[in-house]
Amino acid sequence: MDIERENHKLEKRLCREVGRAIVDFNMIEEGDRVMVCVSGGKDSYGLLDILLKLQQRAPVNFELIAVNLDQKQPGFPEHVLPEYLGKLGVKFHIENQDTYSIVKRVIPEGKTLCSLCSRLRRGILYRVAGELGATKIALGHHRDDILQTLLLNMFFGGKLKGMPPKLVSDDGRNVVIRPLAYVPEKDLARWAEVRQFPIIPCTLCGSQENLQRKQVGNLLREWDAKFPGRVENMFNALQNVVPSHLLDRSLFPFETLRATGEASEDGDKAFDEEPCAPPAAAGADGNPGWVRPVIPITAGD
Ligand code: SF4
């Protein structure tokens, strides 16, 4: 297939997936003023680009305002975003706030700056949203960010918790949306190449990226390459939660659970064996080929 057709398919896929997330979570409504946070990274460029395309054909009217926070990292090319956004013809606002100096002053030398940096950034963006009269704040997190967060929360936070596609901000005043929630990172990386976005790296401040997140990201990429479908299945699992088969007592009333006396097709088959190998062809003795060895279960197992 030639490159142009591939790119066209990619564009259609991106629009479809973003549109699907917007509808599924009712992210954008009639009359919304959506503040799109643009950092200069591939994901937020992609988000703005696709939202602009969808705006042309959406069944509801909404406004888009791109906002960049210039945090005054040394070497930040401050002309790049105003030039790009100006050419696009989208409304935009550049907020100048020297969080870089604050972070450098507060965090000891050699420690990662990102957590304080992003906390400060968040507070400023919430304030700007209020000043601009934005009704929604759109962020460029994608499917793989959500899965990375899920794994990090399991590994280090002891929580089954990902990253919501729509939420009320911690100050209670803003609705934050993530229209790229269904989009795989590799599609955004490819789209950034196709569209030749003028990427600005986030690491200008000299901080190391969060190492754990990087490792988990590599793990997901490795799985995606070795076991096609696994990452998609993990993501689907987030949309098919079965509280009765987890252990959170606040989600399911285990304490009051009683036999109903009625059989259910969807009921749990608690004593069924899990197939541990694909069924082989039936043997001459009629054995259907379930090759699982029988392991006696004894007390104490
Ligand atoms: S890399 Fe630098 S600019 Fe980016 S989040 Fe971390 S501290 Fe902030």
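The legends below describe several close-up views of a predicted model.

**View 1. Confidence along the chain.** The mean pLDDT of the chain is 89, and 89% of its residues reach 70 or more. Over residues 278-301, however, pLDDT stays under 50, and for this stretch the model has 15 contacts beyond four places in sequence. Where pLDDT is low, the predicted coordinates should not be read in detail.

**View 2. The surroundings of the ligand.** Around the ligand stand Gln73, Leu113, Cys114, Cys117 and Ser118, together with Cys202, Thr203, Cys205 and Ser207.

View 3. Six strands form an open sheet of mixed pairing, in the order E3-E2-E1-E4-E6-E5. Strand E3 (91-96) and strand E5 (166-168) stand at the edges with a single partner strand each, so one side of each has no neighbour in the sheet. From one strand to the next, the twist averages 25°. Strand E1 (residues 33-37) and strand E4 (residues 136-138) run parallel and are joined by three bridges, and Met35 has Ile137 of E4 as its bridge partner. Helix H5 (residues 114-132) lies across E1, E2, E3 and E4, and runs at about 140° to E2.

**View 4. The packing of helices H6 and H8.** Helix H6 (residues 143-157) packs against helix H8 (residues 211-226) at an angle of about 115°, and their axes are 9 Å apart. The crossing of H6 past H8 is right-handed. Among the residues that make the contact are Leu147, Leu151 and Phe156 of H6 and Arg213, Val216 and Leu220 of H8. The residues of this contact divide into six nonpolar, three polar and two charged.

Definitions and conventions:
Residues are numbered from 1 along each chain as its sequence is written. This is a predicted model: local features need pLDDT of at least 70, side-chain atom pairs count only at pLDDT 80 or more; totals for chains, interfaces and linings use all residues. pLDDT is the predictor's confidence in each residue, from 0 to 100. Two residues are in contact if their C-beta atoms, placed from the backbone, lie within 7 Å. A residue is near a molecule or strand if its C-beta atom, placed from the backbone, lies within 6 Å of it. Axes are lines fitted to C-alpha atoms, for helices over the stretch in contact, and angles run from 0 to 180 degrees between N-to-C directions. Helices (H or I, at least four residues) and strands (E, at least two) are DSSP runs, numbered from the N terminus. A crossing is left-handed if the near helix is turned anticlockwise from the far one by less than a right angle, and right-handed if clockwise. Ala, Val, Leu, Ile, Met, Phe, Trp, Tyr, Cys and Pro count as nonpolar, Asp, Glu, Lys and Arg as charged, and the others, Gly among them, as polar. Two strands pair if DSSP finds at least two bridges between them.
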